[in-house]
Amino acid sequence: MKKYPKETAVGIFVFLGLLCIVYMSVKLGDVHMFADDHYHVQASFNDITGLRVNSPVEMMGVPIGYVNNIDLNLEKQKAVLTLSIEKRIELTDDAIASVKTSGLIGDKYIKITPGGVGDPIEPGGTIIETESAIDIEDLISKYVFGKV
């Protein structure tokens, strides 16, 4: 019986390399395959310009989730976001969700300002208080053309 020690070693090395590539692709690609440690809440906004699926959700500067889905409610003329929040975070019904920009022209994210004495929001619930994005281009054009 012939033994192939070099071929076996190369095969194992290639297999481990492929496993590392798959692992890093999932981690760096921010893929949420088995995310059962999150619950979903919804929030409606007038304007979410620049916000995308998988944008971070932060509370007090700490990431606590991500934007899971973006939809449009044509009846109410609102953009409806589904947010995935870590189960260890308990939001109350007086929390405020705001669309913010990291830096002057950076990426958009959702900032949750915690409430004080409200009732907890159940999974599948809705954040009622929201603040839409401020459009920097609109503000600059108003200033330049004297409409401030």
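Tutor: Tyr 143 sits in helix α2, residues 136-144; helices here are DSSP runs of H or I with at least four residues, strands are runs of E with at least two, and both are numbered from the N terminus. This is a predicted model, where local features need pLDDT of at least 70, side-chain atom pairs count only at pLDDT 80 or more, and totals for chains, interfaces and linings use all residues. Residues are numbered from 1 along each chain as its sequence is written, and side-chain values use heavy atoms, leaving out hydrogens and water.

Student: Why is Tyr 143 called exposed?

Tutor: Exposed means over 50% relative accessible area, buried under 20%, and partly exposed in between (1.4 Å probe, protein chains only). Tyr 143 has 64%, so Tyr 143 is exposed.

Student: What makes Thr 49 partly exposed?

Tutor: Its relative accessibility is 45%, which lies between those cut-offs, so Thr 49 counts as partly exposed. Thr 49 is in the loop between β1 and β2.

Student: How do you know that the side chains of Thr 49 and Asp 47 make a polar contact?

Tutor: They are 2.5 Å apart. A polar contact needs a pair of N or O atoms within 3.5 Å; within protein, one must be able to donate a hydrogen and the other to accept it, and residues adjacent in sequence count only if both atoms are side-chain atoms. The pair therefore qualifies.

Student: Which residues does Thr 49 touch, not counting those up to four places away in sequence?

Tutor: Lys 108 and Ala 133, where contact means heavy atoms within 4.5 Å.
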